[in-house]
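Before reading on, please take a moment to look over the sequence and turn the model slowly. The paragraphs below go through it part by part.

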Amino acid sequence: MSVAVAAAPGAERANRFIVILLGLQRLSYLLPALLTLGSASYRMGGLNAALVVLTIAGNVAMFVAVARAGWFTEWMAWADVGWAAMLTMVVSANSGVAHDDSSVNWSGRMAQAAAALAGAAIPRIAWAAGAVGVLLVAHVWADVLAGEAWLACLGCLNGIAWFAIIIGFAVRYLRRQGGLVDRLTAERVAAQAKQAAAQARLEHFRVLHDTVLATLTVIGRGGLEHNPEQVRERCAREADLVRRLMSVDGDSGQETLTQRLSEVVDGAQALGLTVHFQLDSVPDINDDVAKAVAGATQEALNNVLLHGETRRAWVTATTVGEALSVRIVDRGAGFRVGGEVGGSGLAGSVAQRMRSAGGDVRVSSAPGDGTCVELLWPG
């Protein structure tokens with residue numbers, strides 16, 4: 001069962017959206033400021049040019065840091081408020097015009113941007129309100145000196161305050177909604193996992209009913225007493241089946257590899273090969289590697305069936321150092337390593353599968369001494 005999970009927590013998604021929004025807002029304010037470079041509207045044109053360049057550089061540095069960290073720090077907001085307050089007073093004095101003339105006095109727009117950032121990045125509402133208050137005081141001081149009418153001044157102050165309120169509300173609302181979505185997603189995933197676990201247990205019960213319970217029932221009724229060897233073989237196979245089922249339950253993190261190897265073992269046993277399977281603690285591997293390991297194991301067991309002259313094999317999956325090791329061992333005829341017999345499947349399909357996944361194969365064998373094939377990943 002596949003479950004689609006959001007790529008990032010809700011708060012992170014909300015932060016990313018607000019960062020983009022604030023970045024676009026500032027870009028729209030800085031572009032007109034660039035147009036004032038070289039303008040004769042200022043008492044000191046060099047001072048205005050320096051302030052524009054420093055403002056752009058500071059904003060670029062801030063957003064580069066935010067891109068790496070994911071969100072603004074509180075000190076960034078306070079530094080931005082301080083810079084915007086200074087711009088409000090200095091640019092107003094240098095231009096000699098009020099903030100309603102934004103083509104010349106571009107500092108008012110930066111004050112609105114700083115208010116929006118304060119509302120978003122300063123978590124305590126009282127402190128955010130204080131930061132906006134600093135901007136409002138600077139704005140009033142600058143407009144009064146420029147001879148701005150109080151009514152127009154109040155309009156600018158209203159804009160600054162509302163930018164902070166709207167962005168602050170948006171950040172907190174989006175984070176709450178994102179958290180709610182995360183909780184609902186986690187609950188849905190947990191419910192699906194619980195349902196999948198129940199389905200897996202039910203499937204295990206069915207397998208046990210059709211195999212182990214059936215065998216015990218036949219033995220209890222005396223149906224296999226005439227053939228003790230058949231009883232032993234059947235009990236051995238089904239004891240391995242129980243161990244595999246226990247491994248799946250006890251090691252859910254390795255469920256994919258366990259299930260694939262179990263299917264390979266079941267297939268080999270269906271062809272008459274008794275396989276003793278043991279899975280110890282193994283490292284995490286992705287699905288492609290699990291497919292390669294399972295395919296190589298199947299080919300190695302096929303080699304036992306075709307050339308081993310035995311009907312018994314052992315498959316053990318474990319960790320050697322930091323590598324996955326799967327050993328397929330039989331006590332059959334064996335062969336001379338590097339010779340023709342038994343070599344094509346091992347040198348071809350088995351080795352090719354493992355090496356395509358970044359693994360390796362080690363084969364040890366001798367005529368009459370059986371064969372050991374060890375699959376290693378990474379190689």
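In which helix is Ala 351 found? Ala 351 is found in helix H11, where helices (H or I, at least four residues) and strands (E, at least two) are DSSP runs, numbered from the N terminus. Before going further, note that this is a predicted model, in which local features need pLDDT of at least 70 and side-chain atom pairs count only at pLDDT 80 or more, while totals for chains, interfaces and linings use all residues. Residues are numbered from 1 along each chain as its sequence is written, and side-chain values use heavy atoms, with hydrogens and water left out.

Ala 351 counts as buried because its relative accessible area is 5%; buried means under 20% relative accessible area, exposed over 50%, and partly exposed in between (1.4 Å probe, protein chains only). Along the chain Ala 351 and Ala 292 are 59 residues apart, and in space their C-alpha atoms are 9.9 Å apart.

With these words in hand, we can turn to the whole chain. The protein chain contains eleven helices and five strands, and of its 379 residues 41% count as buried. The chain exposes about 19800 Å², of which carbon and sulfur atoms supply 61%; such areas come from the Shrake-Rupley method with a 1.4 Å probe, and for residues only the protein chains shown count as cover. If we take contacts (heavy atoms within 4.5 Å) between residues at least 6 apart in sequence, 71% of them join residues at least 24 apart.

The buried interior comes next. A nonpolar core is a set of buried Ala, Val, Leu, Ile, Met, Phe, Trp, Tyr and Cys residues joined through side-chain atoms within 4.5 Å. The largest nonpolar core has 33 residues, and those with the most contacts inside it are Leu 257, Leu 273, Val 293, Leu 301, Val 326, Ile 328 and Leu 375. Several elements each supply at least two residues of this core, among them helix H9 (255-270), helix H11 (343-356) and strand E5 (371-377), but the largest share, nine residues, comes from H10.

Strand E4 (residues 360-365) holds Arg 362, which counts as exposed because its relative accessible area is 53%. The C-alpha atoms of Arg 362 and Leu 375, 13 residues apart in sequence, are 6.7 Å apart in space. Leaving aside neighbours within four places in sequence, Arg 362 is in contact with Cys 372, Val 373, Glu 374 and Leu 376. In the segment after E5 we find Pro 378, which a cis peptide bond joins to Trp 377, with omega about -5°.

Where is empty space left in the model? Rolling a probe the size of a water molecule over the atoms shows where empty space is left. On a 1 Å grid over the protein atoms alone, a pocket is an open set of points where a 1.4 Å probe fits, with protein on both sides within 12 Å along at least five of seven lines, and lining residues have an atom within 4 Å of a point. About 240 Å³ of space lies in the second largest pocket, a volume being the space filled by probe spheres set on the points, which are joined across faces, edges and corners. Helix H2 (45-69) and helix H3 (74-95) are the elements that give two or more residues to the lining of this pocket, and H2 gives the most, with seven. Among the lining residues are Leu 54, Asn 59, Met 62, Trp 75, Asp 80 and Trp 83.

In helix H2 lies Asn 48, which counts as buried because its relative accessibility is 2%; leaving aside neighbours within four places in sequence, Asn 48 is in contact with Thr 36, Tyr 42, Asn 94 and Trp 106. In helix H3 lies Met 89, which counts as partly exposed because its relative accessibility is 31%. The C-alpha atoms of Met 89 and Ala 142, 53 residues apart along the chain, are separated by 5.1 Å.
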